[in-house]
Amino acid sequence: MTSRTRLFLLDHRNKIILVVVTMCLILLAMAISTRKATHYPMEPILVDEIVSRLENAGWDKIAARKIADLNRDAFDILLEEHPSGFERALSRLDQLGNYPAMMLTLRAHPELATLFANVGQSRKMDNMFNKMEIHEACYGIIASAFQIISEPTEQSTLTDTLMRHGRKICELGQQGIPAPYAYFMFDHMSSGAEEYALWLEEVVGQALVSQNSEERLPELIAFIAAEGNWIRDRMRKDDAFRQGFRSRAWPAFIRVTDCENKTKGECDTAFEFIGGERGVWDLLLLDKGEELLDRAGLLAVELMVGSQEPAPIELHPIFQEALLEGNDAIVSPLIRYQGEPLLRQAMARRDITPDLRSRMLAELEKKCPASLNHCPSLDSLLTSYVTLTPPALREQLAAYPDGLQTWIPFYSTYYLGKKIIQGRPIETTDIVFATLDAVTIVTLAGTGAKTLVQESTTKAIGKSLKRKAGAKLGPKGLKQLDRLLLQRSEVYARNKTQLQSIMKPFGIAGSTELVNIDVTKPVQWTFRKTGVGRESFKKLSGLEARVFMRRDRRIVVLPNQGVLGVFLRETAENAAADSAVDAWSKHASSLWLAQAAGVM
């Protein structure tokens with residue numbers, strides 16, 4: 001064999017070796033990749049070792065086998081990528097063997113083992129699940145709560161909350177309300193908390209059985225989210241409010257805002273417009289407060305109990321009478337000139353009749369209308385009202401017959417924005433309010449009476465904002481009107497609409513179609529509004545997790561971070577795509593296992 005031939009064969013052999021080595025490396029890489037992607041199950045011997053270890057720690061054999069089988073893939077990854085986490089999780093599971101009574105629960109729901117292992121009060125949690133005697137549909141809602149509330153201290157609070165309000169929380173969850181437990185998580189031992197809890201149970205129960213629950217329930221939840229903390233704090237500080245809110249103020253509020261039983265187009269006290277005005281509750285605790293709110297809306301709130309500048313106390317009886325009658329001839333001048341000492345002195349006279357007082361104000365309205373920036377005869381008129389005797393006053397005011405001059409469109413203009421946006425999608429709200437200036441002018445200017453325009457604004461934006469708007473209705477006044485109307489309605493309208501959109505797919509009776517809704521933002525919104533679960537919320541945000549709700553109301557958490565991130569995303573996707581309970585159980589148990597292992 002020549003040297004040339006030997007060199008050729010040697011080179012050829014080296015090339016073959018290189019190709020073989022390269023192919024082996026490629027196959028090895030593919031095998032590793034496939035193993036990580038599909039998570040081949042642990043060898044049976046390792047599963048058996050875990051079962052044996054748990055049995056030695058006091059576990060029931062069936063429960064131990066179920067938890068090992070359910071989490072075999074997650075255990076495999078932990079052992080390979082985070083051995084210390086694997087040992088930490090097993091050590092925590094070992095501790096559950098000290099509670100033989102718990103094994104019955106873990107046989108039925110093995111996924112709870114990794115949840116119980118992650119909290120220091122596992123027995124309390126086990127008692128909660130047992131005492132609630134929840135059916136399967138409710139179990140998924142209750143167990144899912146612990147996927148969101150993941151911090152041990154907050155989980156303990158959640159457990160106490162579920163013991164007290166589990167039934168109502170479950171019923172809300174069945175309607176598709178995201179994170180329903182958050183509205184019930186508060187310090188039940190604080191002053192006023194018991195009364196608040198009773199009110200909460202009552203109003204939620206009433207909304208759930210309402211014939212119009214699709215409207216009432218999201219409306220109520222949006223209200224509780226926005227005002228619940230304030231109501232509870234007020235109950236804590238104010239004995240009179242605590243005693244009167246549930247028994248008197250709230251029932252009156254519901255009657256006033258029940259637009260279904262009022263003439264169409266004449267309900268100016270819609271829930272979402274007056275629910276955010278906290279002075280409403282002080283008004284409703286007054287004698288005739290319900291009538292005042294029903295007749296005059298937020299104008300009565302501002303004049304009688306307003307937090308900014310309510311009407312002088314000596315004028316309250318006169319305002320109350322005028323508001324209940326809807327007498328614009330009395331209310332308008334009173335609002336404009338209530339700061340004048342002479343007017344207040346005249347109104348306080350005991351030697352004049354209500355009829356004569358009404359004639360005084362009617363003359364004042366005629367000679368000093370709102371359209372005038374300055375009324376030159378104001379001082380002389382007010383002086384006469386104070387100094388003239390009743391017969392002399394009667395002679396002076398003979399040209400002003402007594403009688404009602406009702407506010408038209410004074411009464412309806414306040415909720416012009418509400419009537420415009422009724423029946424329209426919430427996303428058009430900004431467009432509607434942007435065109436409110438033109439609508440207001442077209443609606444009112446055709447009367448040819450500047451007074452009507454200005455008085456409409458008086459009720460629309462209130463006394464204090466009216467002064468800022470100036471004597472004439474201009475761009476600034478209209479912008480203030482826009483802002484107030486938007487402020488009154490936007491919070492409830494937006495949140496109510498969002499909740500309705502989430503609830504809608506879950507209300508399809510008899511449908512078996514798998515529905516998965518991304519409820520990440522609604523859950524975040526609930527946490528922010530209620531202030532509960534702060535640490536759990538931080539953890540959820542840190543994992544860049546998305547939260548989905550299945551048709552069976554079970555929650556699926558899709559994390560983007562953590563040692564088990566890839567695997568948990570796979571289990572989450574499987575749980576979302578598969579309506580079977582087993583797929584969800586595997587996902588939930590793996591999530592809690594990661595927490596118990598300290599890798600999430």
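Q: What is the mean pLDDT of the protein chain?
A: The mean pLDDT (the predictor's confidence in each residue, from 0 to 100) is 76, and 69% of the residues reach 70 or more. As this is a predicted model, local features need pLDDT of at least 70 and side-chain atom pairs count only at pLDDT 80 or more, whereas totals for chains, interfaces and linings use all residues. Residues are numbered from 1 along each chain as its sequence is written, and side-chain values use heavy atoms, with hydrogens and water left out.

Q: Where is confidence lowest, and where highest?
A: Helix 26 (residues 429–434) is lowest, at a mean of 26, and helix 11 (residues 193–209) is highest, at 96. Helices (H or I, at least four residues) and strands (E, at least two) are DSSP runs, numbered from the N terminus.

Q: Turning to Thr105, is the residue buried or exposed?
A: Thr105 is buried (under 20% relative accessible area, with exposed over 50% and partly exposed in between; 1.4 Å probe, protein chains only), at 7%. Thr105 belongs to helix 6 (residues 103–108).

Q: Which residues does Thr105 contact, leaving aside neighbours within four places in sequence?
A: They are Leu112, Phe116, Asp126 and Asn130, where contact means heavy atoms within 4.5 Å.

Q: And how many bridges join strand 2 to strand 3?
A: Four bridges join strand 2 to strand 3 (residues 555–558), and the two run antiparallel; strands pair if DSSP finds at least two bridges between them. Arg546 stands opposite Leu558 in strand 3.
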